[in-house]
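Colleague: I am new to this model. Can you take me through it?

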Amino acid sequence: MSKRIQSFFQPIPKKPKLEPSSPDPSQPSNPLNIQHQLHQQEQEQQEEKQEEQPPPPPTNHQTYPFPIPNLPPHLSKALTNISTALNPPKPITNHPHLDLLYFQPLLPPQTANTLFHFLRTSLPFYKVQYTIRRGKTPTKITTPRFTTVFGVDATSTFTTSTSTTTPTPTPTLLDTKTHNPIPKSKYKCHPRPIPPCLDHLRQVIQSVTKTPQDYYNFILINYYASNTDSISYHSDDERFLGPNPSIASLSLGAKRDFLLKHKPGVEAGPPLKFPLASGDMVVMRGETQANWLHSIPKRAGESEGRINVTFRRALVVGGTENYYRYNVGDGGVWRWNDTKGRMVSVDEEGEGIGSE
């Protein structure tokens with residue numbers, strides 16, 4: 001474990017308790033001052049108790065390859081306190097068919113850095129391979145980045161329940177309309193509930209973007225291990241997203257350029273470039289996906305890696321199948337190994353190869 005992560009998880013030094021000052025006999029007592037001192041002591045004692053609380057136990061589910069840690073209390077508190085009052089987002093609407101919100105930044109540097117390392121260490125990742133046909137020739141594609149995904153489309157919902165056979169609360173899939181268990185044949189993939197650490201972040205994003213509660217039912221995460229990892233020009237305009245979808249994209253880690261250009265045949269305008277730093281966020285709304293393409297290109301030099309967390313809503317079963325096919329696939333599971341400073345196959349770790 002790196003010194004940076006190690007120091008983060010060390011207990012926070014306790015604040016010295018304030019002793020009530022002895023009243024000055026020459027000065028008349030002020031009830032308001034005494035009340036203020038007592039309130040301040042109470043508040044500090046409550047904060048001290050919160051700081052001493054250990055993080056909740058990891059969350060497990062049959063679809064997770066390993067238990068996923070919950071947010072440490074101080075990181076959870078830092079995210080809960082995020083506000084855009086002092087640094088509101090910049091609306092970017094002065095280009096044809098473009099509707100963006102640009103948060104620069106949304107998260108302060110320390111919170112963004114801590115969240116980056118927490119997510120990279122805590123989540124399962126995948127290096128997805130798939131085959132496409134160019135004419136009659138099949139071409140095998142390996143995704144040039146690590147990916148992972150959680151969630152399910154709007155026709156189903158995860159509901160936490162307990163039973164006599166499984167006393168531990170376990171999220172199960174129910175039909176959204178009937179509230180009955182879904183048939184096993186509904187999905188070819190295995191939808192996974194959003195773990196609490198990401199669900200907390202999802203609620204924060206919905207709050208600051210003024211998005212309806214539970215609008216985002218999917219979280220996709222890309223990890224760009226180096227500057228040679230990339231994603232080519234594309235648009236998130238699949239039918240399963242519905243018309244004019246809203247997609248929030250949060251950047252953590254190394255700064256990378258976010259490029260946008262008009263689709264072919266659409267009213268032309270100059271390409272746009274946003275240098276997204278750690279803690280920045282872009283929300284693409286309205287007609288953006290229908291008329292614009294976006295990408296994260298390769299760049300020169302070295303970097304410590306970048307995580308991109310995207311929040312989106314899928315409406316039908318096809319969206320769930322698509323997201324798990326191209327972000328989990330059939331390959332092995334990868335996990336960050338801090339000793340090696342890179343992603344390592346979980347199979348290798350099980351054989352004792354993944355650590356030094």
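Modeller: A pocket is an open set of points on a 1 Å grid over the protein atoms alone, where a 1.4 Å probe fits and protein lies on both sides within 12 Å along at least five of seven lines; lining residues have an atom within 4 Å of a point. The model is predicted, so local features need pLDDT of at least 70 and side-chain atom pairs 80 or more, while totals for linings use all residues. Residues are numbered from 1 along each chain, and hydrogens and water are left out of side-chain values.

Colleague: How much space lies in the largest pocket?

Modeller: The volume is the space filled by probe spheres set on the points. For the largest pocket this is about 730 Å³.

Colleague: Which residues are closest to the centre of the largest pocket?

Modeller: The lining has 32 residues. By class, 13 are nonpolar, 13 polar and six charged. Closest to the centre are R145, N222, I231, H234 and D236.

Colleague: How are α3 and α4 oriented to each other?

Modeller: Helix α3 (residues 73-80) and helix α4 (residues 109-122) pack with their axes 11 Å apart, at about 130°. L75, A78 and L79 of α3 make the contact (heavy atoms within 4.5 Å) with T111, T114, L115 and F118 of α4. Those residues are five nonpolar, two polar and no charged. The angle therefore makes α3 and α4 oblique.

Colleague: And how is α3 oriented to α5?

Modeller: Helix α5 (residues 196-208) packs on α3 at about 15°, with the axes 10 Å apart. S76, L79 and T80 in α3 meet H200, L201 and V204 in α5. Angles under 35 degrees count as roughly parallel, over 145 as roughly antiparallel, 65 to 115 as roughly perpendicular and the rest as oblique. So α3 and α5 are roughly parallel.

Key:
Nonpolar A, V, L, I, M, F, W, Y, C, P; charged D, E, K, R; others polar. Axes fitted to C-alpha atoms, helices over the stretch in contact; angles between N-to-C directions. Helix = DSSP H or I, 4+ residues; strand = E, 2+ residues; numbered from the N terminus.
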